[in-house]
Each structure stands twice: as C-alpha cells, then as structure tokens.
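User: Hey, can you walk me through this one? I'd like to start with the terms before we get to the residues.

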Amino acid sequence: KAPPLEVIRDYYGEGVAFYFAWMYHMICWYVLPGLFGLVAYIVRRYRGDTVDNCEFTPFVGLITFCWAVVCNRCWERRESELAYKWGTFTSNDEDRRSL
C-alpha cells in the first residue's frame, strides 16, 4: 500500500515526503530484479552451473543494467511530478535535491 504522501508532506515537509515516495518507488521496483535473480539462481542450481561458467550470467547483468536505467528515469519523472504538484519544482537540480 502506498504511503499517504500528502499527510506526510503536510506534517513533516517535502523532504520527508520525497524520502517516503522514493522508498515506496524502490520497494516496488526491486520486485522485478529480485524475481529475475531468483529464476537465474534456480536455473544455475538445477543445471549445476556456477556464476563463472553459466552462459546466462552476462544476460542477467545486462538486464540488471537496463532495469537500473529505467528505474532511475521513472523515479526522476515521479520526483518531478511531486515537485510540481507541491510547488517545489525549480529549474536548478541542485536546489531540488537538497530538500
């Protein structure tokens, strides 16, 4: 269940609300690589492979890299939406990240 960001923002401020929004975002996004890693682990154990001699290892790394890029971009979009909604959006990234 998503945290009540508006209530958190009203009581603690934007900085704390951004933290809770980021934590919820990451919790949701970590499910996919967790499941993919579990499947890769089960396949390795079933086949008797190690990380060094499994041909799926480079693909796991590539998928993890792509996931990280997409996850980061989606968070930047969500962060911008919240900043605009809460009136804290600035053109200077350094100001926004210091909240």
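This is a predicted model: local features need pLDDT of at least 70, side-chain atom pairs count only at pLDDT 80 or more; totals for chains, interfaces and linings use all residues.

User: Got it. How exposed is Glu14, then?

Analyst: Glu14 has a relative accessible area of 24%, so it is partly exposed.

User: Which residue does Glu14 bridge to?

Analyst: Arg9, with the closest N and O atoms 3.2 Å apart. A salt bridge here is a side-chain nitrogen of Lys or Arg within 4 Å of a carboxyl oxygen of Asp or Glu. Arg9 also bridges to Asp10, at 3.6 Å between the closest N and O atoms. Arg9 is partly exposed at 21%, while Asp10 is exposed at 60%.

User: Why do side chains like that pair up at all?

Analyst: Opposite charges can pair when the charged atoms come close.

User: And how many salt bridges turn up in the whole structure?

Analyst: Eight, from a search of the whole structure. One of them joins Glu55 and Arg47, at 2.7 Å from N to O. Glu55 is partly exposed at 42% relative accessibility, and Arg47 is partly exposed too, at 38%. As for shared partners, Arg9, Asp10 and Glu14 are joined into one network by their salt bridges.

User: Where does Phe56 sit?

Analyst: In the loop between α3 and α4. Helices are DSSP runs (H or I, at least four residues), as are strands (E, at least two), and both are numbered from the N terminus. Phe56 counts as partly exposed, with 36% relative accessibility.

User: Let's switch to α4. How far does it reach from its first C-alpha to its last?

Analyst: α4 covers residues 57–86, which is 30 residues, and reaches 43 Å, close to the 44 Å expected at 1.5 Å a residue. That expected span is 1.5 Å times one less than the number of residues in the helix.

User: Which residues of α4 are buried?

Analyst: Val60, Trp67, Cys71, Trp75, Glu79, Leu82, Ala83 and Trp86.

User: And what follows the helix α4?

Analyst: Gly87, which has a positive phi, near 75°.

User: OK, which residues make up the largest nonpolar core?

Analyst: It has nine: Leu5, Ile8, Ala17, Phe18, Ala21, Trp75, Leu82, Ala83 and Trp86. A nonpolar core means a set of buried Ala, Val, Leu, Ile, Met, Phe, Trp, Tyr and Cys residues joined through side-chain atoms within 4.5 Å. At least two residues of this core come from each of α1, α2 and α4. α4 has the largest share, with four residues.

User: How many aromatic pairs are there?

Analyst: Five in the whole structure. Tyr11 and Tyr12 make an edge-to-face pair, because their ring centres are 4.7 Å apart and the planes are at 80°. The rule is that rings of Phe, Tyr and Trp (its six-membered ring) pair if their centres lie within 6.5 Å; planes under 30 degrees apart are stacked, over 60 edge-to-face, and the rest tilted. Both Tyr11 and Tyr12 are exposed. Tyr30 and Trp67 form a tilted pair, 5.5 Å centre to centre with 35° between the planes.

User: Which parts of the chain does that Tyr30 and Trp67 pair link?

Analyst: Distant ones: Tyr30 is in the loop between α2 (14–29) and α3 (31–47), and Trp67 is in helix α4, 37 residues apart. Tyr30 is partly exposed at 49%, whereas Trp67 is buried at 13%.

User: Last topic: which residues make the nonpolar surface patch?

Analyst: Tyr11, Tyr12, Val16, Tyr19, Phe20 and Trp22, over about 680 Å². Patch residues have over 30% relative accessible area and no salt bridge; like charges are joined within 9 Å, and nonpolar side chains (Val, Leu, Ile, Met, Phe, Trp, Tyr) within 5 Å. The areas come from the Shrake-Rupley method with a 1.4 Å probe, and for residues only the protein chains shown count as cover. α1 (5–12) and α2 are the elements giving two or more residues to the patch, and α2 gives the most, with four.

User: What else do Tyr19, Phe20 and Trp22 form?

Analyst: One aromatic cluster. Tyr19 itself is in helix α2 and is partly exposed, at 45% relative accessible area.

Technical notes. Residues are numbered from 1 along each chain as its sequence is written. Side-chain values use heavy atoms; hydrogens and water are left out. Buried means under 20% relative accessible area, exposed over 50%, partly exposed in between (1.4 Å probe, protein chains only).
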